[in-house]
Amino acid sequence: MRRKLIAGNWKMNNDLDDSLALVEELKSLSGKFDKDADVLICPAFVNLYHVKQSLSGFDIKVGAQNMHFEEVGAFTGEISPAMLKNIGVDYVIIGHSERRQYFNEVDETVNKKLKAAHIHGIIPIVCVGETLKQRESGIEKETVKNQIIKGFENVDGSEAVKTVIAYEPIWAIGTGRTASSRQANEMAYFIRNCLSEIYSSDISDKVIIQYGGSVKADNAKEILTQSDIDGALIGGASLKAEEFYKIINYAK
Ligand code: PGA
């Protein structure tokens with residue numbers, strides 16, 4: 001039985017004061033969180049340490065939104081996996097479409113980051129998804145399969161099983177337009193099959209596959225009750241404690 005992972009991607013929102021205020025609100029609600037879901041928040045780099053400290057003793061995990069794959073050295077402006085691990089970061093989002101679109105993230109760097117995260121015991125959340133044009137041309141599955149094959153190249157099964165995949169159709173991110181639950185589940189199922197081809201069904205059955213793209217309190221239940229969707233990666237709606245809490249507790 002796969003546990004649900006409800007993750008908030010705060011993107012470039014919230015300064016330190018705003019981050020800590022939002023964390024306080026989440027802490028006050030956390031006693032009522034659904035026990036069947038793991039909860040994760042991903043603040044900006046500069047706020048990670050303080051958010052992590054503030055969450056001490058609370059069952060809310062903390063993730064970064066990116067990292068470099070190199071261990072150490074002359075990479076001005078970059079953050080290493082060891083630096084994240086050192087301050088207690090549990091997860092890292094890799095290959096988000098905004099990073100692919102604006103910061104030259106490509107499948108090869110996604111692959112390097114995925115491996116580097118595992119070396120340091122950080123759980124990677126690998127984002128995949130097609131553009132509207134690719135969906136309209138009927139090549140959405142081919143696109144996602146390619147991202148999976150390249151992203152997981154030379155990653156062994158013991159690491160794959162501990163990797164989270166977020167299916168985020170680019171046309172649904174921040175647009176208010178969600179994929180239908182059928183479209184989302186169909187792709188999650190397809191991704192699981194790709195993993196089964198690369199590894200085995202034993203492994204693919206265990207991998208957590210999230211959906212992301214305009215998830216809100218009022219559509220969370222419909223999406224999260226699909227057979228192959230094991231959680232959500234949430235942008236805008238994770239910035240309000242009450243809304244995020246309602247998504248976590250979608251089943252109630
Ligand atoms: P959104 O973002 O929920 O604001 O659409 C999702 C994401 O980019 O992870």
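View 1. Just beyond the end of helix 5, Gly121 adopts a positive phi of about 70°. Helices here are DSSP runs of H or I with at least four residues, strands are runs of E with at least two, and both are numbered from the N terminus. This is a predicted model, where local features need pLDDT of at least 70, side-chain atom pairs count only at pLDDT 80 or more, and totals for chains, interfaces and linings use all residues. Residues are numbered from 1 along each chain as its sequence is written, and side-chain values use heavy atoms, with hydrogens and water left out.

**View 2. Helix 5 from end to end.**

**View 3. The buried residues of helix 5.** Asp107, Thr109, Val110, Asn111, Lys113, Leu114, Ala116, Ala117 and His118 are buried (under 20% relative accessible area, 1.4 Å probe, protein chains only). What do these buried residues pack against? Their partners (heavy atoms within 4.5 Å) are helix 3 (81-86), helix 4 (97-102), helix 7 (140-151) and helix 8 (157-160), together with strand 4 (91-94) and strand 5 (123-128).

**View 4. Helix 9 and its buried residues.** Look along helix 9 for its buried residues: Ser181, Ala184, Asn185, Met187, Ala188, Phe190, Ile191, Arg192, Cys194 and Leu195.

Conventions
Buried < 20%, exposed > 50% of the residue type's maximum accessible area, 1.4 Å probe, protein only.
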